[in-house]
Amino acid sequence: MAKGIIHYDVGEQVDVYLLIKSVTKGIASNGKPFLTLILQDKTGDIEAKLWDVSPEDESVYVPESIVKVFGDIHNYRGKTQLKIRSIRPAHAGDDVRVSDFLETAPMKREEMMEKITQYVFDMENPNIQRITRYLLKKYEQKFFDYPAATKNHHEFISGLAYHVVSMLELAKALVNLYPSLNKDLLYAGVILHDLGKVIELSGPVSASYTLEGNLLGHISIMVSEISKAAEHLGISGEEVVVLQHMVLSHHGKAEWGSPKPPMVKEAEILHYIDNLDAKLNMIDRALEKVKPGEFTERIYALENRSFYKPMFLSASTVAK
């Protein structure tokens, strides 16, 4: 069985099938067009450049298509790239399917659904519980299929639900440590904070931003959805406004995309939990690509820092 694309070392040759995750067109210094391809398999993705492309190439090499690539791995400005020697679209005789290349959450859909359902069941405030259950039911299919983002963190099938499950476990631990936290509000905020992404993003495969995503964004979308749900359920009052505030403020600052900073204790904690889970996911995925004793690529969303993978930590893990 071939190893995953992220496990190839610099200098190694690659002769594999990969899925085109995204395509960006550019113009080289010689005036000729080129394509930046992000190619993926179940283990992750890698960037590749396709130079001197023709209009036909642009119509053939599009997102969600499978290609056979021959090339080698090299390092460009501290980042691993695949240098293409030859590339062709896959054909029927190759016996490959898009599902063969899709990275998925490390937890089964049914298990995630069971966990999240239990957290909703544990809520004691009827208004918060009803709004959360209603919106979760309304977007259930997409919620358990979609990624949490197009890049940076949890950008895989069912990534959104997995992000929420991880955050709920963190929230539960904090509620146990700090009983003054309102668990209903915190759990609801966790479940609803990114639910607008099922409208903001195009789908679970090769996700891109929809018109609503570009013009409104998932935060504004969800604030509106909470309002519509409350009206439909005949709920009004403080709980609705505070739930909307949880969503509005979860990015923490205006420069990070939040129209309001957190002004409710549980909103502040929601921001920390969201930030922690997203950043840990970014770091873990970057560390997975390197060997003990090496540094990761720079992670743009983490102040462009590289992270070191200590040899002794890896050795102790193996020993266990």
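**One residue, then the whole**

Guide: Glutamate 225 has its place in helix H9, which covers residues 217-233; helices (H or I, at least four residues) and strands (E, at least two) are DSSP runs, numbered from the N terminus. This is a predicted model, in which local features need pLDDT of at least 70 and side-chain atom pairs count only at pLDDT 80 or more, while totals for chains, interfaces and linings use all residues. Residues are numbered from 1 along each chain as its sequence is written, and side-chain values use heavy atoms, with hydrogens and water left out.

Visitor: Is glutamate 225 buried or exposed?

Guide: Buried means under 20% relative accessible area, exposed over 50%, and partly exposed in between, with a 1.4 Å probe and protein chains only. Glutamate 225 counts as buried because its relative accessibility is 5%.

Visitor: Which residues does glutamate 225 touch?

Guide: A contact means heavy atoms within 4.5 Å. Leaving aside residues up to four places away in sequence, glutamate 225 touches Leu135, Lys138, Tyr139 and Ile199.

Visitor: How many helices and strands does the protein have, and what share of its residues is buried?

Guide: The protein has 12 helices and 5 strands, and buried residues make up 47% of its 320 residues.

Visitor: What does the radius of gyration say about the protein?

Guide: The radius is taken over C-alpha atoms, and the globule rule is 2.2 Å times the number of residues to the power 0.38. For 320 residues a compact globule would have a radius near 20 Å, and the protein, with 22 Å, agrees. Along its principal axes, the C-alpha trace spans about 60 × 50 × 40 Å.
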